[in-house]
Amino acid sequence: MSAGTDLCFETLVVTVSDGIGVITINRPESLNALNLKVLQELDTCLGRLEQLETLSALILTGQGEKAFAAGADISAMVSMSPGEAADFSGFGQAVFQRLSGFPVPVIAAVNGYALGGGNELAMACDIRIASQNAKFGQPEVGLGIIPGFGGTQWLPAIVGVPRALELILTGRVIDAAEALSIGLVHKVVPAGEALRSAEELARVIASKSGLAVRNAKKAIKRDGHAPLSLAGFALERQFFAKCFEGPDQAEGMRAFLQKRAPKFQR
Ligand code: CO8
């Protein structure tokens, strides 16, 4: 299959060549922020690629040199009710779990900012390759919310509870070298080289037995999001929605959109 009409999307560019799929999030004007349309299209796209028996590996990246994805779309979240926030969070979690359980290895080529939902998206992939200019973080507490696409579950599983706590509770953004040192990414490559390096790795995987690779991933992920539990995701969703009950979420997100510092309640 090549990138035919069934792989045409508004917010994604999708190619499949020699058994390697590449999904590029294509909203560079908002640093590839994840709105509902992106998540819906990603879900549909994964559903179609799952059917492709000749697929050996999948790569996920962002359009442009600046961002992989700078998070969930803040302008789409600013006026959400707690119920809408819970639904959006639940849908994002489900799409990222689908990615985690995708039948072939998924490599994130992190070419710039991977913040909030962008970092969660990268963490749902199996392997992360970062360009030197990439930046990682869960800055949600500065917006009056908590991570809502699984970050409270993925991050401790990948870097350990103490480091995850420090990063999530401060919202600190780290560079690629630090991300490598704490095991958040597998490899750092020169700026502009993340996709090429991911393709090289995908070709190594594609040269192995496809059946063996698929079965190895199934054994590790148990067809899903192991070792994470669905109860943890549900808890995150619940606390994420709670943040939309108080004034800090609206203030934090308005402040970002108005390019000023937030004034949170004390
Ligand atoms: N959402 C919407 N728009 C965004 C986002 C975003 N996350 N990030 C950047 N943009 C837009 C900016 O508003 C700006 O638009 P405009 O040109 O119209 O003003 C454009 O992209 C370029 O951004 P900047 O001018 O800010 O570029 P800078 O180089 O000055 O800064 C940063 C780059 C540091 C990446 C900065 O844009 C930034 O801090 N972005 C927000 C990062 C962030 O806080 N991400 C977390 C979002 S919350 C989240 O992801 C929660 C996940 C769970 C959600 C659950 C759903 C309910």
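Biologist: How do the residues of the lining of the second largest pocket divide into nonpolar, polar and charged?

Modeller: Keep in mind that this is a predicted model. The lining of the second largest pocket has 9 nonpolar, 3 polar and 4 charged residues. The volume of this pocket is about 210 Å³. It is lined by 16 residues, and those closest to its centre are Met123, Cys125, Ile158, Lys221 and Pro227.

Biologist: Which helix gives the most to the lining of the second largest pocket?

Modeller: Helix H5 gives the most, with 3 residues. H5 covers 151-159, and both H5 and helix H9 (210-221) supply at least two residues of this lining.

Biologist: How is such empty space found in the first place?

Modeller: A probe the size of a water molecule is rolled over the atoms, and this shows where empty space is left. In this model, the largest pocket found has a volume of about 600 Å³. Its lining counts 32 residues, with Ala70, Ala72, Ile74, Leu143 and Phe256 the closest to its centre. Two or more residues of the lining come from each of H2, H4 and helix H11 (248-257). H11 gives the most, with 4 residues.

Biologist: How many residues of the lining of the largest pocket are nonpolar, polar and charged?

Modeller: There are 18 nonpolar, 8 polar and 6 charged residues in that lining.

Biologist: Where does the ligand sit?

Modeller: The ligand is in the largest pocket. To read its surroundings, start with the shell of residues around it. That shell has 27 residues, and the closest are Lys66, Ala72, Ile74, Phe88 and Gly117. By type, the shell holds 15 nonpolar, 6 polar and 6 charged residues.

Biologist: Which elements each supply at least two residues of the shell around the ligand?

Modeller: They are helix H2 (74-77), helix H3 (82-100), strand S6 (113-115) and helix H4 (117-124). The largest share, 3 residues, comes from H3.

Biologist: How much of the accessible area of the ligand does the protein cover?

Modeller: On its own, the ligand has 1100 Å² of accessible area, and the protein covers 74% of that.

Note on methods
Residues numbered from 1 in each chain as written. Predicted model: local features only at pLDDT ≥ 70, side-chain atom pairs only at ≥ 80, totals over all residues. Heavy atoms only, no water. Near = heavy atom within 4 Å. Areas by Shrake-Rupley, 256 points an atom, 1.4 Å probe, with all protein chains shown as cover. 1 Å grid on protein atoms, 1.4 Å probe; cavity = no way out; pocket = protein on both sides within 12 Å on 5 of 7 lines; lining within 4 Å. Sits in = over half its atoms within 2 Å of the grid points. Nonpolar A, V, L, I, M, F, W, Y, C, P; charged D, E, K, R; others polar. Points joined across faces, edges and corners; volume = space filled by probe spheres on them.
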